[in-house]
Amino acid sequence: IDDKLLTQIIDDPDPQRKAEVLATLDQAFELMRQGKSQEEVYDIMKQMTDRTKQAGGGLAYLMGL
């Protein structure tokens with residue numbers, strides 16, 4: 001983690017966002033402890049935040065559009 005990112009996390013006024021970022025960092029460190037490479041950790045984190053898979057359904061689906 002570089003100094004700029006660390007400063008942004010510390011200075012973030014939103015406690016919810018700060019908690020989410022810290023939890024994500026914890027998950028990344030745990031994956032690295034399990035032997036995952038940086039690329040694997042990045043791919044896993046990217047899949048976790050990719051919401052396009054969850055975007056199905058909704059009003060357009062119900063209307064048959």
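This note covers model confidence, a nonpolar surface patch and the salt bridges.

1. The model is predicted, so local features need pLDDT of at least 70, side-chain atom pairs count only at pLDDT 80 or more, and totals for chains, interfaces and linings use all residues. Residues are numbered from 1 along each chain as its sequence is written, and side-chain values use heavy atoms, with hydrogens and water left out.

2. Mean pLDDT (the predictor's confidence in each residue, from 0 to 100) is 81 for the protein chain, and 75% of its residues reach 70 or more. Helices are DSSP runs (H or I) of at least four residues, numbered from the N terminus.

3. Ile1, Leu5, Leu6, Ile10, Phe29 and Met32 make a nonpolar surface patch of about 540 Å². Such a patch joins nonpolar side chains within 5 Å, from residues with over 30% relative accessible area and no salt bridge. Helices α1 (3-11) and α2 each give two or more residues; α1 gives the most, with 3. Leucine 6, in α1, is partly exposed because its relative accessibility is 41% (buried is under 20%, exposed over 50%, partly exposed in between, with a 1.4 Å probe and protein chains only).

4. The whole structure holds 2 salt bridges (a side-chain nitrogen of Lys or Arg within 4 Å of a carboxyl oxygen of Asp or Glu). Aspartate 12 is buried at 15%, whereas arginine 17 is partly exposed at 42%.

5. Glutamate 30 and arginine 33 form a salt bridge at 3.3 Å between the closest N and O atoms. These residues are 3 apart in helix α2, so about one helical turn separates them. Glutamate 30 is partly exposed at 36%, and arginine 33 is exposed at 62%.

Technical notes: Patch = residues over 30% accessible without salt bridge, like charges linked within 9 Å, V, L, I, M, F, W, Y side chains within 5 Å. Areas by Shrake-Rupley, 256 points an atom, 1.4 Å probe, with all protein chains shown as cover.
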